[in-house]
Amino acid sequence: MAEAPADRITDVGPPHYERFLPPIIKANYGKWKYHEILKPGIMVHVGESGDKLFTVRAASPRLISVDTIRVFADIAEKYCDGHLRFTSRNNVEFLLTEEANIEPLIADITKEGFPVGGTGSGLSNIVHTQGWVHCHSSATDASGIVKSVMDELFPYFQEKRLPAKTRIALACCLNMCGAVHCSDIAILGVHQRPPRIDDKNISKMCEIPTTISSCPTGAIRTADKDGMKTVEVSEDLCMFCANCYTVCPSMQLNDPDTDGISIWVGGKVSNAISEPKFSKLAIPFIPNNPPRWPEVVDAVKNIIEVYAANARKYERIGDWIERIGWPKFFKLTGIEFTRYHIDDFKHAGWTYKRSTHLKF
Amino acid sequence: MAKRDTPMLDELLKGPYPSFVKELYKVQERKPMVQDLLGQLEDSYEERIGHWKHGGIVGVMGYGGGVIGRYSDLQDKYPNVAHFHTMRVNQPAAWFYTSDILRKIADIWEKHGSGLTNMHGSTGDMVLLGTTTDELEPTFQALAKEGFDLGGSGSVLRTPSCCVGPARCEWACYDTLKLCYDFTQEYQDELHRPFFPYKFKFKFSGCPNDCVASIARSDMSIIGTWKDDIQIDQAAVAEYAKAGMDIQADVIDICPSKCMKYDGEGIEVDNHECVHCMHCINVMPKALAPGKERGATILLGAKAPIMDGALLASVLVPFIDLNDPDEVEDLHELIGNIWDFWGEHGKNRERIGELIQRVGMSTFLEAIGLEPEPEMISAPRDNPYIFFKEEEDEEEEE
């Protein structure tokens, strides 16, 4: 290996956040009194000092070019003395002290193609993964589905309100880089067939013991095929998680005809009202249908609309379903209940109905 | 080079929501890499399958993480994405930037990479999407000169992240930005060099609303809370009522522990019954606020499904005062004990939550030196399979 140059910089960590905080935040740090949502996408935070910080939140496709970063920088300079931030759901937020600048800023950022919204009891941006843009194990694309779903549900990002905040997330395989397992609605890419083993190259490409131990169900065993040292997969045990493929490229799992999408509902991370909970299976499989995945868009829209029509104020999707019961959820949404909805992984019994509290 | 013909992707230029395809179009004229990305992505849309290979360790000198190696499996057709590696760049706490620093980062990535980014990745890093092996080190050093460093990938401490906290939120029960920054600096070695059985994540949320999803997504989740009484401004309560809020229906009746009363004049809270869920405070931010004795609950073990099923984090330390340097020091010691136990007993690709499931929480608590507390469970065991230990003092009697 080449020797490192003497002035090489490593292990400095991230820059200190104070470098980037606007003066109004430095002055009111830890001393905010309250905030209000003035209209969708616009917030005001009021300090104990009486200072007012206005925030304009705009949508972002998450995958953005340096050109767009420069557009955000231009707008931040024009209206915010150069101050902006991003949110945990990949929105961009402009931080203003002059109330009069709000409307011109909205006009400018909207003209650039980034609409304002995403606050309060509605939809915010969809947290998502890389999909076909950059991932090796994706069972579907990510950005294309997000775009298609948000186009259709766009009014809920802006003025149209829901009973409570509703968080959609998408992960393009079970690895869940988007950690969708606690979302009101989760769109999850799934594989349906076991890996196809490259017998010829696996012993050169992969560490076989690591590959075997990567399997959560112990479905992989060593095998000898025509003198080639390889592995075999017990099809009965494989749950198509792609863990083996992540440690060993010779276990190809992607398949255009059987890869697709599942839909999960009722999860949340906030502790507000009810405890955090996992999303549960609503629709086991929808085939991939690019470029705009109309079946997925319809499925998500249907769940949102049935929820909007039936839930009480402040009820998240999961709280609403717990109140009405799962049988009624399937009835109201018209989603078919199948054998796949009944858990058969470890500790499955926790999800069986263990009472006679049934509604007829 | 001619622009790629991408009829399927062009369908995603339509509609009101921002389009990632438009972002690719913005840079493709000057970036052959992005032209090939568009071509390969169009193929993926037509064929309904991804075209990326993983494998091959790539990175910068001395680091075991921060770069995700990526290669096209259509290299002959799309040679400009033969290498298309991702660099994870450790974001500033709570994702605050100035236009000035964003322009510098844009210029660096214009020069060294595809010009495409994610602002931000799921763990919190700024993601620089797509460059060649040769450009990794120059990009890293250009970023370092601006004060930035790479984030984590693989079996390392992943880049810690935090909510907006006291910078712009009245509900922050501790300084999430400071703690996130301090922890990231403290554990630079663990972040850049793989020491662990698998990944480990810290996420810092200032209140139980948990805006960075720490309880679902981090091995150690630090969630702000308070011990004393909810602060009430009764004049502001009256203002909400006057403005038409149905306080009984929207606040009192929904309270999960039924610890609140409203008599038409003011709100009364039985604070010892409060579970600190945040609902009343969320709905009436002008009238109600977390108490003054603030700190955090430490939870452990959340993860997504791979390998053994998803887990939510569970309570490890019910309350810690993060303003007390001694308590923060104790937390670092606890983290050291957890990592030692995990390093010794964890299997390859076993997260800490799964290890606890495998060995049992009691064994784990004993190993890390914590006493069991009823706040750690939702209920005591309901099976009689108790692994009784022989009493130590019995031996002495013999």
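**Entry 1: K77(B) and its partner**

I looked up K77(B) first. K77(B) is partly exposed, with a relative accessible area of 47%. The model I am reading is predicted. K77(B) forms a salt bridge with D43(B), and their closest N and O atoms are 2.8 Å apart. This pair links distant parts of the chain. K77(B) sits in the loop between β3 (71-72) and β4 (85-89) of chain B, while D43(B) sits in helix α3 (residues 32-47) of chain B. They are 34 residues apart. Is D43(B) buried or exposed? I noted 8% relative accessibility, so D43(B) counts as buried.

I then checked D255(A). D255(A) forms a salt bridge with R196(A), with the closest N and O atoms 3.9 Å apart. This pair also joins distant parts of its chain, 59 residues apart. D255(A) lies in the loop between β12 (251-252) and β13 (260-265), and R196(A) lies in strand β9 (residues 196-197). D255(A) has a relative accessible area of 17%, under the 20% cut-off, so I list D255(A) as buried. R196(A) is partly exposed at 42%.

Next came R193(B) and D189(B). Their closest N and O atoms are 2.7 Å apart, and the two form a salt bridge. R193(B) is partly exposed at 23%. D189(B) is partly exposed at 36%.

I also found a network of salt bridges. It links D67(A) and R70(A) with R30(B), D107(B) and E110(B).

**Entry 2: patches on the surface**

Which residues gather in a patch of positive charge? I listed R312(A), K328(A), K331(A), K353(A) and K359(A). K331(A) is in helix α11 (residues 326-333) of chain A. Its relative accessibility is 73%, over the 50% cut-off, so K331(A) counts as exposed.

A nonpolar patch is made of F337(A), I342(A) and Y352(A). Together they have about 310 Å² of accessible area. I located Y352(A) in the segment after α11 of chain A. At 45% relative accessibility, Y352(A) counts as partly exposed.

**Entry 3: chain A as a whole**

I counted 11 helices and 14 strands in chain A. Its C-alpha atoms fill a box of roughly 75 × 75 × 35 Å along the principal axes. Of its 360 residues, 59% are buried. Chain A exposes about 15100 Å², and carbon and sulfur atoms supply 52% of that.

Last, I checked the charges. Chain A has 42 positive and 43 negative side chains. The centres of the two sets lie 7 Å apart.

Methods: Residues are numbered from 1 along each chain as its sequence is written. Chains are lettered from A and ligands numbered from 1 in the order in which they are written. This is a predicted model: local features need pLDDT of at least 70, side-chain atom pairs count only at pLDDT 80 or more; totals for chains, interfaces and linings use all residues. Side-chain values use heavy atoms; hydrogens and water are left out. Helices (H or I, at least four residues) and strands (E, at least two) are DSSP runs, numbered from the N terminus. Buried means under 20% relative accessible area, exposed over 50%, partly exposed in between (1.4 Å probe, protein chains only). Accessible areas come from the Shrake-Rupley method with a 1.4 Å probe; for residues, only the protein chains shown count as cover. Lys and Arg count as positive and Asp and Glu as negative; His and the chain ends are not counted. The place of a charge is taken as NZ of Lys, CZ of Arg, CG of Asp or CD of Glu. Patches are made of residues with over 30% relative accessible area and no salt bridge: like charges are joined within 9 Å, nonpolar side chains (Val, Leu, Ile, Met, Phe, Trp, Tyr) within 5 Å. A salt bridge is a side-chain nitrogen of Lys or Arg within 4 Å of a carboxyl oxygen of Asp or Glu.
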